[in-house]
Amino acid sequence: MSSFEINKIVGAVLLAVLSLVVIGKVGDNLVSTGGGHGGGEGAGHGGEVMTASAPAPKKPEPLEPIVGRLASASADDGQKVFNKCKSCHTVDNGGKNGIGPNLWGIVGRQVAGHEGFGYSDALKAMSDKSWTYSMLNGFLHKPRDYAKGTKMTFAGLSKVSDRADVVAYLRTLSDSPAPLPTQAEIDEAMKAYEEAKAPPAEEAAHATATAAPAAEAAPQAAAAAPKVPVAEMVAQADADKGKRVFNKCKACHTIEQGGKNGIGPNLWKVVGRQPGTHEGFKYSDALTGLKDPWTLESLSAFLLKPKDYAPGTKMTFVGLKKDSDRANLLAFLQTLQ
């Protein structure tokens, strides 16, 4: 055998060996056994599995009660909101069922108890209960969440004022309207609501830790936005708009000269009157204990949050948050002279 042929054989063997090495390297890269950037068990740096911590679940927002609003809610406004419902429900005494049941006497009625209507299993399961103010509030907020499986397709009323007005209207659909909630029932519902709103302990601790910097910044913010005096706001307010705001109050208060007291005292000449002194009305100690006459400033503070201004007051109205609403209402009350 010549040396040329021997060289050809050796070259072929070397080529075969080199090919095997290259194929092995390519195979290692295509099929990783871990430790690189690919997936699979032990993927990550040094074989550790990298996981992101899941965010803590957000605490659901509690539903604001309507029981404290019913005395001052507007049944007339509720009837307007009810226009969203009348394509499915009748409200007259003895009226026929529609897509939904007739709602005459609904407040206090047994759940799924109206004769002749085919209720869903979701409401039949609640038939041992009656429609209380609190249950109506929950159901009207989000029917499908409150009674899972209900046939009612209405999405619900997100505004607490709308729910209070509608329930105030539904309450009128009776020969003997259900009694309004007692103060004890209102206090119990509001206490439960405030407790439900309270942040978890760890959030409260964080809020306390960050409160100091915020408190330092507060005086600067207050200085940048000086508050307009109440008297000045009232001087520029609209008494006609205030009369409309007063619709929230007229369920409890009369305003004509010599008018009878209602759930609350008559408000003729309330501006400048001594708190807790209107003849024939039994006031709470919270109001009889106030020494100074009702000024525009003190009435504005009272109307903002009655229970904060006079702790222990019997007045269940939650208050008027908007400065413009209070100013317009005070402008109207000034005309009652």
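Buried means under 20% relative accessible area. The legends below describe close-up views of a predicted model.

**View 1. The aromatic pair of Trp-131 and Phe-139.** Phe-139 is buried, at a relative accessible area of 7%. Trp-131 also counts as buried, with 7% relative accessibility. A search of the whole structure finds nine aromatic pairs. In the pair shown here, the ring centres of Trp-131 and Phe-139 are 5.2 Å apart and the planes lie at 50 degrees, so the pair is tilted. Ring pairs also bring in Tyr-146, linking Trp-131, Phe-139 and Tyr-146 into a cluster.

**View 2. The aromatic pair of Phe-302 and Tyr-309.** A pair of aromatic rings is described by the distance of the centres and the angle of the planes. The centres of the Phe-302 and Tyr-309 rings are 6.1 Å apart. Their planes stand at 75 degrees, so this pair is edge-to-face. Phe-302 is buried, with a relative accessible area of 7%. Tyr-309 is partly exposed, at 33%.

**View 3. Helix α6, residues 160-172.** The helix has 13 residues. At 1.5 Å a residue, α6 should span 18 Å. Its end C-alpha atoms are 19 Å apart, which agrees. Of the 13 residues, 10 are buried, so α6 is largely enclosed by the rest of the structure. The buried residues are Val-160, Asp-162, Arg-163, Ala-164, Asp-165, Val-166, Val-167, Ala-168, Tyr-169 and Leu-170. What covers them includes α2 (75-81) and α4 (133-141).

**View 4. Arg-273, a buried residue without a salt bridge.** Arg-273 sits in the loop between α10 (239-245) and α11 (285-288). The nearest side chain of opposite charge belongs to Glu-279, 10 Å away. A salt bridge requires a side-chain nitrogen within 4 Å of a carboxyl oxygen, so Glu-279 does not pair with Arg-273. Instead, the Arg-273 side chain reaches the backbone oxygen of Asn-266 at 2.9 Å. Neighbours within four places in sequence are left aside in the contact list. On that basis, Arg-273 is in contact with Pro-265, Asn-266, Leu-267, Trp-268, His-278, Tyr-283, Pro-293 and Trp-294.

**View 5. The salt bridge of Arg-326 and Asp-323 in helix α14.** Side chains of opposite charge can pair when their charged atoms come close. The structure holds six salt bridges. In the one shown here, the side chains of Arg-326 and Asp-323 meet at 2.6 Å, N to O. The two residues are three apart in α14 (residues 323-334), a separation of about one helical turn. Arg-326 is buried, with a relative accessible area of 7%. Asp-323 is partly exposed, at 31%.

**View 6. The salt bridge of Glu-194 and Lys-197 in helix α7.** The side chains meet at 3.6 Å, N to O. Both residues belong to α7 (residues 183-197). Glu-194 and Lys-197 are three residues apart, about one turn of the helix. An α-helix has 3.6 residues a turn, so residues three or four places apart point the same way. Glu-194 is partly exposed, with a relative accessible area of 41%. Lys-197 counts as partly exposed too, at 38% relative accessibility.

**View 7. The salt bridge of Glu-64 and Arg-69.** The closest N and O atoms of Glu-64 and Arg-69 are 3.2 Å apart. Glu-64 is partly exposed, with a relative accessible area of 23%.

Terms used
Residues are numbered from 1 along each chain as its sequence is written. This is a predicted model: local features need pLDDT of at least 70, side-chain atom pairs count only at pLDDT 80 or more; totals for chains, interfaces and linings use all residues. Side-chain values use heavy atoms; hydrogens and water are left out. Helices (H or I, at least four residues) and strands (E, at least two) are DSSP runs, numbered from the N terminus. The expected span of a helix is 1.5 Å times one less than its number of residues. Buried means under 20% relative accessible area, exposed over 50%, partly exposed in between (1.4 Å probe, protein chains only). Contact means heavy atoms within 4.5 Å. Lys and Arg count as positive and Asp and Glu as negative; His and the chain ends are not counted. A polar contact is a pair of N or O atoms within 3.5 Å; within protein, one must be able to donate a hydrogen and the other to accept it, and residues adjacent in sequence count only if both atoms are side-chain atoms. Rings of Phe, Tyr and Trp (its six-membered ring) pair if their centres lie within 6.5 Å; planes under 30 degrees apart count as stacked, over 60 as edge-to-face and the rest as tilted.
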